[in-house]
Amino acid sequence: MKAIALGNVHALYQRLRPEITIIGTGGDSNGRDVFEMVLCGASMVQVASALAAKGSGIFTKLNQELSEIMKLKRYQTIEEFKGQLRHL
């Protein structure tokens, strides 16, 4: 499910006007998933299943994990990598 969601987000990001907000949904349960959705072009990420399974603490966990990834990759803001997926 996640691979399809990532592909759909990226396809929409490439085709839609920049002012149209894309919400990534499907298989997001950790900071890496959030990073990948944003990398594909999502402005927001839905985490409903993770919220139902793990409770509201999931938001702190996701924020911490995403922050760690951004620090590792030397990104200061989400806008620096949003939609920057590169194809082989």
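This is a predicted model: local features need pLDDT of at least 70, side-chain atom pairs count only at pLDDT 80 or more; totals for chains, interfaces and linings use all residues.

Biologist: Which salt bridge does K2 form with E36, and how far apart are the closest N and O atoms?

Modeller: The closest N and O atoms of K2 and E36 are 2.4 Å apart. K2 sits in helix 1 and E36 in helix 2, so this pair ties together parts 34 residues apart in sequence.

Biologist: And what does D33 pair with?

Modeller: D33 also bridges to K2, with 2.6 Å between the closest N and O atoms. That pair links distant parts of the chain, as D33 is in helix 2 and K2 in helix 1, 31 residues apart.

Biologist: Is D33 buried or exposed?

Modeller: Buried, with a relative accessible area of 6%.

Biologist: Which residues are linked in the network?

Modeller: K2, R32, D33 and E36 are linked by salt bridges. Across the whole structure, a search finds 5 salt bridges. One of them joins E65 and K61, at 3.1 Å between the closest N and O atoms. Both lie in helix 4, 4 residues apart, about one turn of the helix.

Biologist: Back to helix 2. How many of its residues are buried?

Modeller: 8 of its 10 residues, so helix 2 counts as mostly covered. Among the buried ones are V34, F35 and M37. The buried residues of helix 2 pack against helix 1, strand 1, strand 2 and helix 4.

Biologist: What about D28? Where is it?

Modeller: D28 is in the loop between strand 1 and helix 2. D28 is buried but has no salt bridge. The nearest side chain of opposite charge is K2, 6.1 Å away. Leaving out residues up to four places away in sequence, D28 touches D33, M37, V45, Q46, V47 and A50.

Biologist: New topic, pockets. What is the volume of the largest pocket?

Modeller: About 180 Å³. Its lining includes V34, V38, F59 and L62. Helix 2, strand 2 and helix 4 each give two or more residues to that lining. Helix 4 gives the largest share, 4 residues.

Biologist: How many lining residues are nonpolar, polar or charged?

Modeller: 9 nonpolar, 2 polar and no charged.

Biologist: Last one. What is the phi of R74?

Modeller: R74 has a positive phi of about 65°, although it is not a glycine. Most residues other than glycine have a negative phi. R74 lies in the segment after helix 4, and it counts as exposed at 73% relative accessibility.

Key. Residues are numbered from 1 along each chain as its sequence is written. Side-chain values use heavy atoms; hydrogens and water are left out. Buried means under 20% relative accessible area, exposed over 50%, partly exposed in between (1.4 Å probe, protein chains only). Lys and Arg count as positive and Asp and Glu as negative; His and the chain ends are not counted. A salt bridge is a side-chain nitrogen of Lys or Arg within 4 Å of a carboxyl oxygen of Asp or Glu. Contact means heavy atoms within 4.5 Å. On a 1 Å grid over the protein atoms alone, a cavity is a set of points where a 1.4 Å probe fits but cannot get out, and a pocket is an open set with protein on both sides within 12 Å along at least five of seven lines; lining residues have an atom within 4 Å of a point. Grid points are joined across faces, edges and corners, and a volume is the space filled by probe spheres set on the points. Ala, Val, Leu, Ile, Met, Phe, Trp, Tyr, Cys and Pro count as nonpolar, Asp, Glu, Lys and Arg as charged, and the others, Gly among them, as polar.
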